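Dear colleague,

Please find the structure below.

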Amino acid sequence: MTTHAEPTSVGDHDDHQVGHSEAGVDQAHIGEKAADWVDGRLGVYGLAKANLRKIFPDHWSFMLGEICLYSFIIIILTGVYLTLFFTPSMGEVVYHGSYTPLNGIRMSEAYKSTLDISFDVRGGLLIRQIHHWAAIVFVAAMLVHMMRVFFTGAFRKPREINWLFGFLLLFLGMFDGFMGYSLPDDLLSGTGIRFMEGAILSMPIVGTYIAMFLYGGQFPGNDIIPRFYTIHVLLIPGIMLGLLVAHLILVFYHKHTQFAGPGRTEKNVIGMPLMPVYMAKAGGFFFLVFGVIAMVSAIASVNPIWAYGPYRPDQVSTDAQPDWYMGFSEGLIRIMPGWEIRAWGHTLVLGVFIPLMIFGLVMIVIAVYPFLEGWITGDKREHHILDRPRNAPMRTAFGVAWITEYIILLIAGGNDLFATHFNLSINTITWACRILFFVGPVIAFTITKRWCIGLQRNDRDKVLHGRETGTIKRLPHGEFIEVHAQLSPEALHTITAHEQFQPMELPAEVDENGVKRKVSLLTRTRAKLSQSYFGEAAQIPKPTPEEHAEITSGHGHH
Amino acid sequence: MTSQDNMSEEHLPEAHGAHGGELAVHGDAFADPGLPPHEHRRTDIDEHAAARAERQVAMWFLLSMVATIGFIASYVLFKPGPETGNTVYIFPLGHISRLNFSLGMTLGVSLFAIGAGAVHWARTLMSDEEHIAERHPIEATPEVREQVFADFRQGAKESGFGRRKLIRNTMIGAMAMVPLSAVVLFRDLGPLPEKKLDSTEWAKGKRLVNMNTNEPMKASDITVGSLTFAKPEGVEESDENFQEVIAKAAVMLVRMQPGDIKDKASAGWGYEGVLCYSKICTHVGCPISLYEQQTHHVLCPCHQSTFDLSDGGRVIFGPAGHPLPQLQISVNGDGYLEALGDFSKPVGPGFWERS
């Protein structure tokens with residue numbers, strides 16, 4: 001559990017004696033006394049013993065989660081500042097302020113206070129931009145972090161629950177972002193709120209009721225901004241903070257995963273200690289992330305609400321786009337044909353309701369994948385060594401298919417931008433996206449799977465025949481060969497460390513008494529899936545030490 | 001613990017790391033060779049290199065201090081606001097706010113430098129020796145498991161929860177009902193929908209008022225090929241409920257050659273080729289604003305639903321599910337355009353109660 005605790009870091013034991021009152025107590029003594037005071041009340045030494053020198057493995061991809069954590073902290077810090085100046089009210093005022101183009105225009109207090117933050121509060125614009133940029137980075141980092149965890153299989157037991165926590169953070173983060181950019185009540189975000197009304201109205205039976213309750217009456221009403229405000233600054237961040245703490249506690253409790261390598265096993269974790277290396281590296285990384293976001297906010301304008309104008313339900317701007325993380329839902333709504341079923345005095349607005357459902361489905365699929373894979377493999381063991389994506393071709397192919405779908409929907413969500421920027425017909429782009437919605441993931445899946453298997457084959461060749469050196473040798477009888485170099489023992493171990501499952505076999509059709517066995521549909525499905533995951537077409541058998549010995553013992557030339 | 005699974009687990013591979021950690025055995029070329037020996041960095045063995053690294057780290061921290069002073073100076077010296085005097089030209093960004101640029105860059109540098117200093121310190125001067133920590137299985141030992149189960153059974157037995165069914169059932173009932181109060185409390189979030197979505201502010205005899213000039217319109221004001229936005233007479237921007245009213249009542253007027261109108265019923269609802277349609281998209285309610293005068297198509301800029309105004313507002317492309325509702329208009333005695341009633345269908349997006 002603990003690491004090599006340095007005995008030198010433990011202080012002089014004399015300090016603990018009662019009545020110790022030496023003149024000129026040095027700093028270490030004061031520090032220890034303070035620590036003793038805290039420990040006597042909170043019992044922190046047990047926690048510190050386990051964690052001060054806790055070992056974290058090193059890999060560049062492990063910092064993706066840190067970006068999420070740090071951008072979340074930045075969002076909270078800047079968000080608290082913004083609340084000091086923002087007025088979450090839809091009460092109407094006539095603007096007379098420093099942004100002269102809008103003088104005399106009617107607008108909500110929410111919009112006016114956002115203008116004031118941008119033009120009258122010194123640094124207000126910067127904090128607004130940092131807040132918005134950090135939100136963009138936050139969701140992006142969560143998605144990429146999740147991909148890292150997905151493609152390396154880090155979600156496997158014992159980390160499935162932490163995967164769910166992460167998924168909920170992504171889901172809530174997206175919606176809090178949506179509500180956040182809706183708060184200024186500008187023309188662009190108001191259009192997003194109107195879109196939300198339309199989406200809610202499409203829900204059968206309950207749609208109109210939910211819409212009336214949410215907006216406090218007919219659209220837009222006077223309630224949606226103050227209600228979003230409470231949800232945006234209190235409710236969702238509160239839940240997210242709780243999830244985040246739980247997420248981090250589990251990371252500490254499970255200890256970090258590591259890639260296979262010399263000395264690394266399922267039963268250990270190899271790396272450098274929290275104090276001092278990761279305190280400095282991870283702590284420093286917070287400042288790097290914050291610094292970069294601050295510099296981006298200094299030069300790149302995001303959400304210039306003064307250019308859009310205040311919201312009016314009868315006005316709109318072209319190129320209306322949500323923030324990027326809502327783009328895929330925008331894509332879903334744009335490529336869906338306008339299906340409506342009207343019967344018995346009712347309307348079923350499938351053209352909006354189906355995209356709404358698919359939106360949920362696209363998200364849920366990520367949440368449940370670990371459980372699906374766990375069911376297929378039947379694996380109940382703990383996993384702390386990460387997979388290389390190539391060694392799990394089906395999982396990798398599935399992940400790439402998901403990303404492909406996501407990107408196609410992002411493109412569909414910006415079909416007007418693609419049309420105007422590339423001078424294409426919007427109808428063509430929309431139709432292409434409609435087709436790609438179904439075909440794209442399949443193509444991506446197939447290519448990725450084959451690619452992974454190709455890489456596995458390549459690994460096998462490297463292990464058995466060594467690495468190509470690029471050196472051409474001419475043999476005495478005239479033949480040219482390329483010299484292959486044996487891999488180092490470290491590389492050999494790393495490449496062959498992964499495990500390979502055997503596909504599940506169904507029991508024989510009839511049992512020993514010749515009676516036909518009943519095999520449930522679920523079992524048969526599981527066997528089929530297992531076959532597709534681990535059958536002959538899904539993995540190249542990794543070389544055995546015997547094969548390697550046989551080939552290398554002959555002679556080294558090939 | 002024990003697998004409840006009815007299937008054989010023979011297909012599982014051998015537990016990973018079963019042979020891990022062992023030293024390379026002769027014959028198994030893939031065996032774990034163990035953690036390679038630690039290699040010293042230059043700063044570990046060369047005191048001059050270490051001193052140089054220390055100076056570099058200190059330089060980063062100094063830079064941060066300077067940038068913070070720059071931040072405070074910018075805050076005091078530069079003015080906020082959009083006036084041209086407050087902008088600065090930065091290639092290739094163009095004219096941007098001087099205050100925002102200087103505050104952001106100095107804040108960014110002051111933060112980044114702390115991070116860079118700390119990371120450089122960690123990478124050059126802190127020990128990079130790798131340590132090994134053991135992992136322990138998360139699952140409890142069978143003894144602990146038994147103890148927990150026994151404790152639980154003991155507790156459950158002492159509570160009498162399973163035996164005293166009356167207590168159990170009434171408690172479950174009470175717990176199930178108490179959240180109902182919370183649900184009821186949300187009733188006053190808003191009114192019931194009733195028929196609110198079915199009607200708009202339009203009514204028989206209401207004149208069409210130009211949205212820009214705020215003047216009632218005559219048919220002669222509308223030229224062929226133009227697109228004009230209008231609102232019902234008596235609706236003012238300063239009205240308390242203006243946003244809710246206009247969210248449904250906004251209309252657009254187009255004029256086409258009567259011969260171009262394909263839908264004859266639709267032509268009859270207009271006046272001398274002037275047709276009045278709802279401006280609210282039937283997809284999810286965006287205001288429609290892009291008019292192609294040659295084809296009489298209007299396009300919603302949000303999701304590209306396209307409607308043919310010469311053909312009764314029919315959807316010809318995009319995700320909208322039904323035609324744009326048309327408002328029946330005529331002229332009154334003074335020659336002003338007026339509505340002959342409300343829309344015959346609810347405007348805007350579809351909903352369950354819409355017939």
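In chain B, four strands make up an open sheet with antiparallel pairing, ordered S8-S9-S10-S11. Strands S8 (290–292) and S11 (314–317) of chain B lie at the edges with a single partner strand each, so one side of each has no neighbour in the sheet. Neighbouring strands are turned by 30° against each other on average, direction ignored. Strands are DSSP runs (E, at least two residues), as are helices (H or I, at least four), numbered from the N terminus; two strands pair if DSSP finds at least two bridges between them.

This is a predicted model: local features need pLDDT of at least 70 and side-chain atom pairs count only at pLDDT 80 or more, while totals for chains, interfaces and linings use all residues. Residues are numbered from 1 along each chain as its sequence is written, and chains are lettered from A and ligands numbered from 1 in the order in which they are written.

S8(B) pairs with S9(B) (residues 297–299) in the antiparallel sense over three bridges. Tyr291(B) stands opposite Val298(B) of S9(B).

In chain A, the axes of helix H5 (residues 124–151) and helix H6 (residues 160–182) come within 10 Å and cross at roughly 160° (axes are lines fitted to C-alpha atoms, for helices over the stretch in contact, and angles run from 0 to 180 degrees between N-to-C directions). H5(A) and H6(A) are therefore roughly antiparallel (under 35 degrees counts as roughly parallel, over 145 as roughly antiparallel, 65 to 115 as roughly perpendicular and the rest as oblique).
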